[in-house]
Amino acid sequence: MALRIGIREGIRTITRNNSLFLLSLLVTSISLFLLSLFVLVTVNLYYAVKILDEKIEIIAFLDDHANVQRLMRNIRKINGVTDVIFVSSEQALKDLQNELKETEAVLNVFEKNPLPASLRIKLERSFRNRRGLTEISNKIMLLQGVKETIYGGELVDQLKKITNIISAFDIGLLIIIIFSVIFVIFQTIKLTIFARSTEIEIMRLVGASNSFIAIPFTFEGVVQGALGGIIAFILIAITTHITTSIISVVYFPKLYFFIGSIIFGAFFGIIGSSVAIRKFLK
Amino acid sequence: MITFDKVSKIYQRDWTALDDVSFHIDKGEFVFVCGPTGAGKTTILRLIYKYEEPTKGTIKVMGENLRLMKKKELPKLRRKIGVIFQDFKLLQDRTLEENVLFALEVTDTPPKNMKKKLMEILTYLRLSHKKYAFPYQLSGGEQQKVSIARALVRDPYILLADEPTGNLDSRSSQDILEILMDINYKGTTVIMATHNLNIVKKMKKRMLRIENGKLVRDK
């Protein structure tokens, strides 16, 4: 019964003190929107890094008479290699033509296809660095039929260094934003509860238990947080839509963001209201 | 019913609100706690319903030593004590009926009994016709009656009244005093804090006079 009355009291407060609730909801929504926006930036940063990371590979150019099947078998046996893809000289030319498009005519100066056949060697994550690339490349070079290997050794290391610095900076900023958002939401909830200190005092005077007093406020906190999460999600979806139409594709896992916003909002709401009400119940 | 044994209450910055106060109030008594503003009257009432803790001394209410009472037992104590205030402390966004029902709902009263109890108390206080009115639509006297209704609806053993007539005209004050006397007549222990000595003289009841935190007279 306490839960039923508590929820009813929570709904009553939301509907009767709606200006206070709306103000509080607005602050929560904006805070969660800023947090979501930064999470979106972080997710995209990691997504871009992942794509770049997956592109790290070794290309082995082959002699004209190389035994491709045997070579592929042997390379697959090397520790750290996950996949080997054969690119014939015809395919290489086709790919180049596709890439060049309008300037395709440049290729007409060649009487015959100048591009050699090659193998694209995909690596395990732990080998996608200068050391790993060099180690595997040296092993491949020992195999008969391989003319040359290329990989961006130093460039890969530079890229990794830059992405590591950006990631660390991003995570640091994300932590600051999370704490700021928690602080703002908690303070807002505290103010709304403080505005109703008379109600809490009366509840205490007439003998309501602490849990009974806390239920409506916790309920309000959950509703406020969850609604704030939904509004934040709508705002972030609009922002993503606009950004996508202006610059480029943005990685936006909608379902995760939707569920995440609601869960985080509700969680902040519960914790915020519980902490704030506790001060009044001492 | 209520015993204060060498009770002192010292607030921060060494401000002594009560200094070594001892008295005993029997079941069914009507007692005035009087004295000038700031003498410590409200502190005595607050200590009885354990809104505050004494700095020194022992307080017993209905046989319970309040110092030893656990936090979770506090609501049970407060359900046996009704409190009314000078500023009524009504919820402004609720009707008269909702203000009174609120006190029953928070104490897990079965819904069946709630309406019956509510009608009884509103009829007794002649407020039935205004049960849908909000506090701001009521006069000061009527608001204080709602506050009394809220305190009485749980059938308390003790009724604490902190300057209940302080904001009322003489006619409304008389009305409230008569209600308090009647409640006492029916067996509830009533303790009323007031600075108005005329009321005390007129009512001819026991008086605890507090001055500068000390009990200077018990008559």
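Reader: Is B:Ser147 buried or exposed?

Author: Burial is judged by relative accessible area: buried means under 20%, exposed over 50%, and partly exposed in between (1.4 Å probe, protein chains only). B:Ser147 counts as buried because its relative accessible area is 0%. This is a predicted model, in which local features need pLDDT of at least 70 and side-chain atom pairs count only at pLDDT 80 or more, while totals for chains, interfaces and linings use all residues. Residues are numbered from 1 along each chain as its sequence is written, chains are lettered from A and ligands numbered from 1 in the order in which they are written, and side-chain values use heavy atoms, with hydrogens and water left out.

Reader: Where does B:Ser147 lie, and with which residues is B:Ser147 in contact, leaving aside its neighbours within four places in sequence?

Author: Helices (H or I, at least four residues) and strands (E, at least two) are DSSP runs, numbered from the N terminus. B:Ser147 belongs to helix 5 of chain B, residues 140-152. Contact means heavy atoms within 4.5 Å. Leaving aside neighbours within four places in sequence, B:Ser147 contacts B:Ile84, B:Phe85, B:Phe88 and B:Leu90. A polar contact is a pair of N or O atoms within 3.5 Å; within protein, one must be able to donate a hydrogen and the other to accept it, and residues adjacent in sequence count only if both atoms are side-chain atoms. The side chains of B:Ser147 and B:Gln144 form such a contact at 3.1 Å.

Reader: How is a nonpolar core read?

Author: In soluble globular proteins, nonpolar side chains tend to be buried together. A nonpolar core is a set of buried Ala, Val, Leu, Ile, Met, Phe, Trp, Tyr and Cys residues joined through side-chain atoms within 4.5 Å. Here the largest core has 75 residues, and B:Val100, B:Ile148 and B:Leu180 have the most contacts inside it. Apart from that core lies another, of 32 residues, including A:Leu205 and B:Met69.

Reader: How many residues does each chain bring to the contact, and what area is buried between chain A and chain B?

Author: The size of an interface is often given as the accessible area lost when the parts come together. Buried area is the accessible area (1.4 Å probe) that two parts lose on being put together, summed over both. Chain A brings 21 residues and chain B 27 residues; about 2100 Å² is buried between them, with 58% from carbon and sulfur atoms. On the side of chain A, A:Ile202, A:Leu205 and A:Val206 lose the most area to chain B, together 30% of what that side buries.

Reader: How are salt bridges read, and how many join chain A and chain B?

Author: Side chains of opposite charge can pair when their charged atoms come close. A salt bridge is a side-chain nitrogen of Lys or Arg within 4 Å of a carboxyl oxygen of Asp or Glu. Between chain A and chain B the count is 2. One salt bridge pairs A:Glu199 with B:Arg94 (3.4 Å, N to O), and both residues belong to a network that also includes A:Arg196, A:Glu220 and B:Asp93.

Reader: Which parts of chain B does the salt bridge of B:Glu142 and B:Lys130 tie together?

Author: The closest N and O atoms of B:Glu142 and B:Lys130 are 2.7 Å apart. B:Glu142 lies in helix 5 of chain B and B:Lys130 in the loop between helix 4 (111-124) and helix 5, so the pair ties together parts 12 residues apart in sequence. B:Glu142 is buried at 18% relative accessibility, whereas B:Lys130 is partly exposed at 25%.
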